[in-house]
Amino acid sequence: MSLVLLILLPLVGGLIAWLGERINRDLPRWIALATVAVTLLYVITLVPAGQLARATIAADPESWLLYSRTDWIPRFGISFELALDGLSLLLLVLTWLLGLIAVAASWSEIDERPGFFQANLLWTLAGVTGVFLALDLLLFFLFWEVMLIPMYLLIAIWGHENRAYAAMKFFIFTQVSGLLMLLSMVALAFSAASQTGQMSFSYFDLLQLEFDPRTGFWLMLGFFIAFTVKLPIFPFHTWLPDAHTQAPTAGSVLLAGILLKTGAYGLLRFCLPLFPEASQSFAPIAVALGVAGVIYGAVLAFAQVDFKRLVAYSSVSHMGFVMLGLYALNDLGIKGAVMQMVTHGVSTAALFMMAGALQHRLHTRDMSNMGGLWHDAPRMGACALFFALASLGLPGLGNFVAEFLVLLGLFAVYPWMTALAALGMVTAAVYSLWMMQQAFFGKPKESRAMDDFGAREMLTMGGMMLALLWLGLYPQPVLDMVHPVLEGMYAGMSLPGLAVAP
Amino acid sequence: MSLTALIPGLPLLSAAVLLLSTGRMPRSVAAIFGAGSVGLAAALVASLVADFLARPEAREVVLWTWMSVGDFAPRIALHIDGLTIVMMSVITGVGFLIHLYSVEFMWDDESFCRYFAYMNLFVGSMLLLVMADNLLLLYLGWEGVGMCSYLLVGFWYRDPANGAAARKAFVVTRVGDALMALGMLLLFTELGTLHIGTLMSAAQENWSVGGNLPTLAAALLLGGALGKSAQLPLHVWLPGAMAGPTPVSALIHAATMVTAGVYLVARCFDLYLLAPAVLEAIAWIGLGTLLLAAFTALVQHDIKRILAYSTISQIGYMFLALGVGAFSAGVFHLMTHAFFKALLFLAAGAVIHCLHHEHNIFRMGGLRNRLPVVFWSFLIGCAALAALPMTSGFFSKDAILLLAYDKPDIGPLLWLGGLLGALLTSIYSFRLVFVVFFGEAHTEPDRQPGWRMAVPLALLCVLSLVGGWIAMPLSGALPEAGHPEISHTVEYISIAVPIIGVIIAYLIFLGGQISIAGVRDSSMGQALQGFWFSGWRMDDLYRVLLVTPFTTLARWWRNEPVDLLYNAVVAISRFGHRVFIALQNGELRWYATTLAVGLIFVLSLALGVAP
């Protein structure tokens, strides 16, 4: 029940916010803030800290931290099955923290239909929460769609000049790849029927299945494509720059901070454990795609003149590291990928907030119209500098820990690919510093007067800075949180790189 | 115990306070935080040195475990041994003097607070770099100092040229850093730790001399060292880095950060001894760099650029020393160089400060009587740089030359090259002295340096003179250099060459007995001068090989080539849409015809496949 409540809270909160618009235009954002704050508190207090270290066995739902199951369509083996382990908890905390940031980012930005805006924001969050909790595949697919539609509306209604195109592109990419995933899911359910005599969409049942390599490969590919489109990975990434650039700030924050992570989560939760052998043999291709993404994203980030588009392409580059870590198929790499999910969520959300703040003040995202902004707004400059440095992987900040762990894991398996990926360290410096130069350094324009960050914005930025410093200097709590989950997962996969320590 | 952790902690803390004040702190308070924190750190180092000399054994301070994933568990932990002691003393000692000097130098700058924040951050990172007990923490300091260098080179951000120089410095060193990171990955994958002490003994146990793995690991780490220490082929960023305030050049780009590469190689000397090929490469790289930079320094006319190239050249000597296995001689030169080069930069800063930001040495002249404090500082600094007898530079450079000569096979060649470099060094340094301080005055100074500038200069003068007698507590930390048996002729030549250089410089630039006008103005001379002046056209080379291809690629790809594929899908569906919509034209005749044709087609198909 407690897990269902977690999804219901934002759904209902969204509805109230929508209706609240009729009473007072300021009301929806307060309702949204309250909903997010309450849910965040609820997420944090959901599991007593002492239980986090408990060993989780992937295939045994009773060993998970929380588990609930209600029959839905028993004839097809579909149930309302939710479960929570350290990994989902970590991502839920990230989701609702960034939800808070998103509400803060939209505080004074949205004038048009504020109620419906906040409703869509909350419904997206509800969808994401469902995705991180659903362990019935059809239910997972349902939430996958639920998070897509409100996000589509956020872009299509409150986006910038080219929003219709961007929203449609985002929708079609996700929808087509989702269809492939649905096919794989149905095929899986039928495999369950033929192998065990009982059709099932339950993760815990499907983990028991065995496939011949050919079948396994095609089923895996359906999931793989759906998740890599979402991640996104070269060459399926082209929806992202458009969607990010056109989305309102809060939309970009959610998109980059959380929605991309559902792709990584899907790979880690479903693709790898369900098809360990197929993933193992597919890994070289996945790694090559990851490296291509790292470098391609970085070169294109450098080529942009639009501040937001630059940040969007930097996401493509960073998500390449997630792919590399996951498909290194060893403990270091996978933990690095999880770290990257968290740290990228924070650093990119901050950079998108920065982009939004700049656009709000200057009415442009074109960096050739900026320059010398440090003079007008030193606090904004300092914040941008901090997150630019985080994004280029400066040691001491979270992103470095993530990237180093990924590279460390990858090096043991693919040293040459690692050498190529290390080029990303150089190119990340090139585009990050170029961004700082174009926007904040150089000669200030005389005619311009720009407000610096106020207290509300500094509070949000300061919080994210502290988070990245903490993740960079003492990331152990995060690593410990996912450790028992991953151990349990590896035990079920029995791959050479994933031997579990005795 | 915890006091040791305060040594890097104090400057870092002060940096945080200064940054959080967002420039609203009064100058005098900011100065107390900025210079005071480094001064306190220096005092702590002094007490640590005393303690260490009384009980010379390595000590460890473990703060916390940084992260722990399987066997990978680097700690935030400090390791203090003789080498660390030497480095810490230089960083905090010279660092404090430069901070003190900066209070006066930067007083009128609107971003006084930001300046000291970055400087403190630098000192803290640099201390972490030399105190780290594992390579990952060392890397944290390593990247931290790189970041501070970027921030301080681009400190005056309004001029885009400064920003470009800062980015160049960061990106070029980052290339080396990426190689170094790969080296760490290799070391951990093969040996299972990044703790420096454990790593070195594991390397000695598992690897044999000249094996592929130690050679590769040593070469990759060397990549980082070459970038940070501005050695061939990654030296191109340092001359541009002079865009920052002059005390920054003194601290970061002369005394401390640029010698981090020397420190890294010395720290990992066990690994390098397993890779003799890499060591020999280091010697040749050092020699090549020191000669290239010395020739370049000979023809520059910006006072800071001369000193910058001279720094590259002197670090070349340190690399030469490392390459021939004379690690402690390399570190010795690192220390003396920190004294006299910091002195020279601060003195140059004083000249620039008092001369309305004039950088061109040919617009100075005759400053000997006008700025006497600066003149004496400069004279002593240049004497030490040229390695004139009894100065600190003499002891360290002489040791390097003799130990290079002692190297089997390639020794005499290295010695000869080093000697040529020494000759050039004394010529360009005394060219500087004669042109700037003698002859007729072209610009009148508008002020004299105050006590905050004069005291650091005086103290550094003393160190530059007597620094050669400091006994470094390196036994145990680095291998003993030994005392080579070398014929006295070689020794005398090594001593005499710098003096000859001074005489040549005098005859050309002051006395005028030798005229170089003929050589200089010949077409050959002009071409050579232009070639040297540009730093051997290395920047052009990189522009053609790397920068232009990268920017061109970025321009080609700007509009997302991958989208062509998806746009093709869109175009095909649009085309299909148009074709099929044309069929749906509402004309009965057309529908009837297509129906009939379709029916015939299907029927014939059905009959065709029927048995």
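This is a predicted model: local features need pLDDT of at least 70, side-chain atom pairs count only at pLDDT 80 or more; totals for chains, interfaces and linings use all residues.

At the interface, 60 residues of chain A are in contact with 50 residues of chain B. About 4700 Å² of area is buried between chain B and chain A, and carbon and sulfur atoms give 74% of that area.

How many salt bridges are counted between chain B and chain A? The count is one: the side chain of B:Asp563 meets that of A:Lys169, with 2.7 Å from N to O. Across the interface of chain B and chain A there are also 16 residue pairs in polar contact, both residues at pLDDT 80 or more.

Several elements of chain B each supply at least two residues of the side that touches chain A, among them β1 (59-65), α4 (112-131), α24 (538-557) and α25 (562-583). The largest share of that side comes from α6(B), with 17 residues. By kind, the residues of the side of chain B that touches chain A divide as follows:

| Kind of residue | Number on this side of chain B |
|---|---|
| nonpolar | 33 residues |
| polar | eight residues |

Now to the core. The largest nonpolar core has 439 residues, of which A:Phe224, A:Phe307, A:Tyr327 and A:Phe440 touch the most other members. Helix α15 (residues 327-354) of chain B gives the largest share of this core, 20 residues.

Which residues does A:Phe224 touch, not counting residues up to four places away in sequence? They are A:Leu267, A:Cys271, A:Phe282, A:Ala286, A:Leu289, A:Met323 and A:Tyr327.

Key
Residues are numbered from 1 along each chain as its sequence is written. Chains are lettered from A and ligands numbered from 1 in the order in which they are written. Side-chain values use heavy atoms; hydrogens and water are left out. Contact means heavy atoms within 4.5 Å. Buried area is the accessible area (1.4 Å probe) that two parts lose on being put together, summed over both. A salt bridge is a side-chain nitrogen of Lys or Arg within 4 Å of a carboxyl oxygen of Asp or Glu. A polar contact is a pair of N or O atoms within 3.5 Å; within protein, one must be able to donate a hydrogen and the other to accept it, and residues adjacent in sequence count only if both atoms are side-chain atoms. Helices (H or I, at least four residues) and strands (E, at least two) are DSSP runs, numbered from the N terminus. Ala, Val, Leu, Ile, Met, Phe, Trp, Tyr, Cys and Pro count as nonpolar, Asp, Glu, Lys and Arg as charged, and the others, Gly among them, as polar. A nonpolar core is a set of buried Ala, Val, Leu, Ile, Met, Phe, Trp, Tyr and Cys residues joined through side-chain atoms within 4.5 Å. Buried means under 20% relative accessible area, exposed over 50%, partly exposed in between (1.4 Å probe, protein chains only).
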